[in-house]
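Let's take a walk through this structure, starting with its ligands and moving on to its aromatic rings. Have a look at the sequence and the model before reading on.

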Amino acid sequence: GSSESTGTGAAQPAGEAGATGGKVGIDFPRADSDFWNSYNKYIPQMAPELGVDLMPPTNSQNDVAKLVANVQALSGQGAKAIVMAPQDTGAIASTLQNLENKNIPVVSVDTRPDKGKVYMVVRADNKAYGTKACEFLGEKLGGKGKVVQLMGALSSINGRDRAEAFGACMKEKFPGITVFNEPTEWEGTKAASMLQTRLEQHPDIKGVYMHAGGVHLAPTIQVLKAKNLIAPPEDPKHVFVISNDGIPQEFEAIRKGEIDATLSQPADLYAKYALFYAKAAIDGKTFQPGPTDHDSTIIQLPNGLEDQLPAPLVTKENVDDQALWGNQVK
Amino acid sequence: MTTTKTSSPVSAAPLGRRIQLGRFRDLTLVPVIVVLLIAGSFVDPIFLTPGNLTNVLQQQSALALVVLAEAMILISGKFDLSLESTVGMAPAVGVMLVIPVAAGGFGLELPGILAIPLCLLVGGLVGAFNGFLIMRFQLSAFIVTLAMMIVVHGLHLGLTQGKSLFELPESFLYLGSATWLGLPAAIWIVGALFTVAIVALGYFRVGRSLYAIGGNADAARAAGVRVERVVWVVFVIGGIVAALAGVLETGRLGGISANQGVGWIFMAFAAAVIGGVSMDGGKGTILGALTGVLVIGLVENILTLKGVPGEWKQLVYGSIILVALMISRLAGGKAQD
Amino acid sequence: MTTTKTSSPVSAAPLGRRIQLGRFRDLTLVPVIVVLLIAGSFVDPIFLTPGNLTNVLQQQSALALVVLAEAMILISGKFDLSLESTVGMAPAVGVMLVIPVAAGGFGLELPGILAIPLCLLVGGLVGAFNGFLIMRFQLSAFIVTLAMMIVVHGLHLGLTQGKSLFELPESFLYLGSATWLGLPAAIWIVGALFTVAIVALGYFRVGRSLYAIGGNADAARAAGVRVERVVWVVFVIGGIVAALAGVLETGRLGGISANQGVGWIFMAFAAAVIGGVSMDGGKGTILGALTGVLVIGLVENILTLKGVPGEWKQLVYGSIILVALMISRLAGGKAQD
Amino acid sequence: MTSSVKAVEALGITKRFGPTTALNGAEIAITEGETHALIGRNGAGKSTLVSILTGLQRPDEGEVRFAGQPAPPPADRDAWRQRVACVYQKSTIIPTLSVAENLFLNRQTERGRINWRSLRTRARRLLEQYGVDVDAETMAGDLGVEQRQLLEIARALSFGARFIILDEPTAQLDGPAIQRLFDRMRSLREQGVTMMFISHHLEEVYEICQSVSVFRDARHIVTAAVEDLPHDRLVDAMTGEATAAYEYRTRPLASAAPVVLSTRGLSLAGRYQNVDLDVRAGEIVGLAGSGSSGKVGLAETLVGLQRADTGTVTVNGTDIKQGDVPSALRAGLGFVPQDRHHQGFVPLLSIAENATIPIAHKLGRFGAVSPARRREHGARMIEQLDIKTTGPDQPVADLSGGNAQKVVLARALADDPRALVVINPTAGVDVKAKHSLLGAVEDAADRGAGAVLVSDELDDLRICDRVLVMFHGRIVKNVPRGWTDNELVAAMEGIDH
Ligand SMILES: Nc1ncnc2c1ncn2[C@@H]1O[C@H](COP(=O)(O)OP(=O)(O)OP(=O)(O)O)[C@@H](O)[C@H]1O
Ligand SMILES: Nc1ncnc2c1ncn2[C@@H]1O[C@H](COP(=O)(O)OP(=O)(O)OP(=O)(O)O)[C@@H](O)[C@H]1O
Ligand SMILES: [Mg+2]
Ligand SMILES: [Mg+2]
């Protein structure tokens, strides 16, 4: 919910550098997905621009135990603030507690730790993803028919949030639509098999929501191609596909008409505001809930604040917008 | 090999029955497959349609090749965990040698038609390196290939920077996506390779020598089998077959993600072992391994059709494998190892 | 056991040296550890500080317990892949029995102090079930525990709906987070358990019988060892120790995620095997396995301190394990299996 | 002698295994066409020489020549196989393959596809030739020791090699099988085949060989024609000292002593029927019978390795649980199983540990085992049984066959058993060791144990106070001490009843 906005979390341009407070340690969550790789690339690019003294980043390979070890090492090496992206939010409570005891502020990117103090959470609203995808498909299908949801892993909060919001929205707004939920564990091979089987079983499926373009995009297109279901939206054969992430390949597919839309998860903004808030924390700044100067809203959490970055829906109309991060990477 | 004396149950069995069963030992999963086919047809009428069964076969084709490779290696008494990483790395490197830098390539831009041969070559090299370490340095196959599994996947990650490769030469996608005579090309290819392997391991001297090596390497050496060389060649073939599995998978999925193949090796072992291939070497057949793949494929298909909720799917899946195991144990009548 | 003929390299070694080395065969990783300590001190001055080394030990404590359990099971000639799933499932179930529904519990709300005993009980039950299937039905340990790995993890996912548990009773977190005499309690616990295991397997009848069983189960049986019972007990203990590993991990992390333990088993095998425990049974020591854990922990720590880019980290990591393997092979002088 | 060309020569061979020197400048030369015996005590280096002569191991020093030509390079296995065929002492049967395939291992076909039908036919013919009564399609792993040995022999002899080595081929065979083997060897010799024959049964050497070489302590001692080296001198050459023949002891008749091992109405379908047996303290009872008479099956039931269908076994007054070794051991039984590799020892464990597994609970308190006391016990056993080893800590895997057998006996005697069951205890054991093994059994009897000795060897049975002869699963005769060979053999063949 939005609380009454008192102060503004106005983003200060990083000009007034002067005495920088200290080093920022950062842990990357993984190196094997396109979205995170873009994020990992933006970080070192943006650090000098924002005047952040960045330590060599560590990588926890999607393993919370490694994340904990990395954070220990970073704080041992003298980090004054830490940026992390815990893919597994239940199991870092002790770590956050330890960091709080050491007075090291934490910026959490992409996920919201359930417990333990955080200075700021920088993330897009995953529930909003699910809802937007649901609305997009529901409208395109006219409120009836069958859709497949290629889910991520149940153990991932983002996957769960997207799935829950998508399901709740469908139930509420489009009760005429049947949803098939496929737990793909973020694996392309599982996604392909499940979609193929489901299309065999229900040839009248008309919509697909993919939780992760990075892993689900190519298999989905390949299965639709094999079934000869790639057709223009006017064609009754057309299957509406909406993806999530906003990587360049999704844009390409939108341009080619292979998929219809994607939800752009702003890797560049994640990187920028992660560093921004880390530096702000070192500098002792404080923020209040309310709208910010960068089209987002800060909300209050029990254990800190969360800056909910905008996540635009990308369709054929706006796919060439240069402001989208997916159009900026090479 | 601790030849477990299966005391009472076996020696009690009447002679005639034992011999007969012995001949069909590699087919102990057939009853399981029959049960699954029946169960599947109750779950959903679509199950028994040719379209669905073709899908099952196609979905399992890449895994089947990894199982084929692993079964050969297991029969010769060794281990290869790195196959799963080869499934991802070999196609990635093969493709990166031919695509432009902009699409994620190395910038060599070799002719696109070379991508598949290069991919197979890379797979063969990984196998050769494994074989070299294991046979020359007499290192444990398990641990060498465990380390190589990490190394090869690490190479994949490092070279691609963790990115998926999407812009692949058409020729590279062809095998995994084409249809020949109404069936996916992948099914024909896998069928052909399994036939070759079944014949080679059943009717040719080199093939039989795998059993001898796996059963008792010293005895095989005494009988004139060039143990080191044969095992080395098996590792190389294993690597090539795993790379081919990668080609088929890439064609099916239309891209190579940084995770391609990750986690497959457990499934490959499960398929081979429930199909009757022993982890101790010298035992089992390629045909048996194939039935193992089918069981796994059918179980997955039925669970998908049934729409078991995601959070319970693994439990159901694991339980079915366990039950399949017990059925094949009871049907086979032999202790496993 | 195919006693590989170690031809030239071994027989070439001078007499005195081999005897000496033979006695310290379980310590072949010590040179590797020394190299790592030196290398680490060059990488970062922080490396050799007590704080950092304590961190390494604490970070490895839960894995070390899994390695301990796996090493015992390997020495008795069996396998347990399901340990990794027990690391997550046992604490989850133990906790869910005591916390309220609102926090993700079953609603039984048993006294919080029971959470740890219940967790250990669950671990023991998983081990008992594994042992039962393997010994009673003479099923292959590898494949049974592979299926059980999926089943147990599936149970965890199903019961928690994939959600993390983080409202845990304080008593449950205590062991994994407390500090005793300046060192984390986990280190004391792990140290104590390893000491017990080293003594038991070195100097006690039941412990020694694991070696006899792993080396030649039939001979052990003929010598009056109750093979079935001992192996069964080893599985139960293994499950309990894995559950305890889960308790320590939970305490360290402050919550139980649905992925707790997933992927550990490969690391556990790697640690045990580079530490000299044979996959064929009957060979290796608990102390050796401990050195394996240390090597893995130090490698990870050094890579972290060095800040190796994520995409190359796996490659470097795998390569170091491979090198450690070769060093321990050369230092040990024995062929591995 | 047919000619003086040397079919094979080994010159100055030295081979070390870590601390052990298995061969020390050893040599041998075998004239073409003769059957040459190689004898020596357990651990003298015979099998090591065999593995060098067949190219499986490379000598540290020295050279091997075939018909005057240097031996092929180690990697060229085919060249080696053309020159020499071998029955190894260690089994080279592959348990997971069928009998037929084992016979034609790696030569299932000249080229191209294997014709399984014709392979089976060829295998059947071969098996018939050697009088091996097994189905060519059974898994080799399902065979008994004896049948496996016959398989190895049939395989090696069927090669058509001009030089054949037989390393203790007779150790696991009974009389008729040995005779069939010797018949084959004679006819091969007539065809000009050269053979090297290793055995611990010296009378076999005189029966089948023309010349003999003796090894002792890794060195070559003497080579001579068999006529020139009578039995006593042969034994002296082997042992390096004047060795007396074994003196069988007599014991007072034990009719009043308590029964320590007995069975009532013991039957196991297809193996033995309705066996009643009483063994008294201080008595050694022999169990004899031809192939498949059921004697081994019966003995294995006594110790708990098999479970009878009906009947009871009583050890020392306790009814033991059928098929349960620990309960038999607890009741005071010790035993030597038939196949030492299978059930006799744990190869990676030390001599001391192998010998003390059954008494581990006595080597310390509260379940602890004191390594010092274990080593002490091991050392005592090594001395008592004269085991050739570097010490009680040596793994049994490194011992020669006969010495490994002694470790198995050491295990059986560990707990000072009240009842002792030994199955073929002297298989593969050298003369002197045989004396110490039999002596150890007799010692145990003198200490008041009752013993059952199952053996195919008449010499072993001579230490028995009486011999029970089994035929088709029944005890048909009780032969008291003082029998002649013919008498006993006739009973075993079932001729006189
Ligand atoms: N692989 C090995 N490793 C270590 N020592 C060995 C090995 N093979 C043989 N030896 C040692 O070499 C010596 C000679 O052994 P070998 O097997 O040649 O004896 P042998 O004369 O054949 O005895 P037996 O009559 O008992 O068969 C023994 O002391 C044995 O312990
Ligand atoms: N019916 C059978 N089923 C299984 N194994 C058998 C059978 N008969 C014999 N054997 C095997 O053969 C071995 C010897 O058998 P048994 O006790 O019947 O006769 P034996 O007189 O000792 O024969 P031999 O002199 O040929 O060894 C046993 O150890 C057993 O493993
Ligand atoms: Mg020998
Ligand atoms: Mg016999």
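A polar contact here is a pair of N or O atoms within 3.5 Å; within protein, one must be able to donate a hydrogen and the other to accept it, and residues adjacent in sequence count only if both atoms are side-chain atoms. Keep in mind that this is a predicted model, where local features need pLDDT of at least 70 and side-chain atom pairs count only at pLDDT 80 or more, while totals for chains, interfaces and linings use all residues. Residues are numbered from 1 along each chain as its sequence is written, chains are lettered from A and ligands numbered from 1 in the order in which they are written, and side-chain values use heavy atoms, with hydrogens and water left out.

Let's begin with ligand 2, which lies between chains B and D. It has 13 residues around it, and D:Glu146, D:Ser292, D:Lys295, D:Val296 and D:Gly297 are the closest (a residue is near a molecule or strand if one of its heavy atoms lies within 4 Å of it).

What supplies the largest share of the shell around ligand 2? That's helix α9 (residues 295-303) of chain D, with four residues. Helices (H or I, at least four residues) and strands (E, at least two) are DSSP runs, numbered from the N terminus. By class, this shell has one nonpolar, seven polar and five charged residues. Ala, Val, Leu, Ile, Met, Phe, Trp, Tyr, Cys and Pro count as nonpolar, Asp, Glu, Lys and Arg as charged, and the others, Gly among them, as polar.

Now for ligand 1. D:Ser47 puts a polar side-chain atom 2.7 Å from an oxygen atom of the ligand, and a backbone N or O atom of D:Gly43 lies 2.8 Å from an oxygen atom of ligand 1. The protein covers 86% of the 630 Å² of accessible area that ligand 1 has on its own.

On to the rings. Rings of Phe, Tyr and Trp (its six-membered ring) pair if their centres lie within 6.5 Å; planes under 30 degrees apart count as stacked, over 60 as edge-to-face and the rest as tilted. The count comes to 26 aromatic pairs over all chains. One of them, A:Tyr273 with A:Phe276, is edge-to-face, at 5.8 Å centre to centre and 75° between the planes. Because they are three residues apart in helix α9 (residues 267-282) of chain A, A:Tyr273 and A:Phe276 are separated by about one helical turn.

Definitions and conventions:
Areas by Shrake-Rupley, 256 points an atom, 1.4 Å probe, with all protein chains shown as cover.
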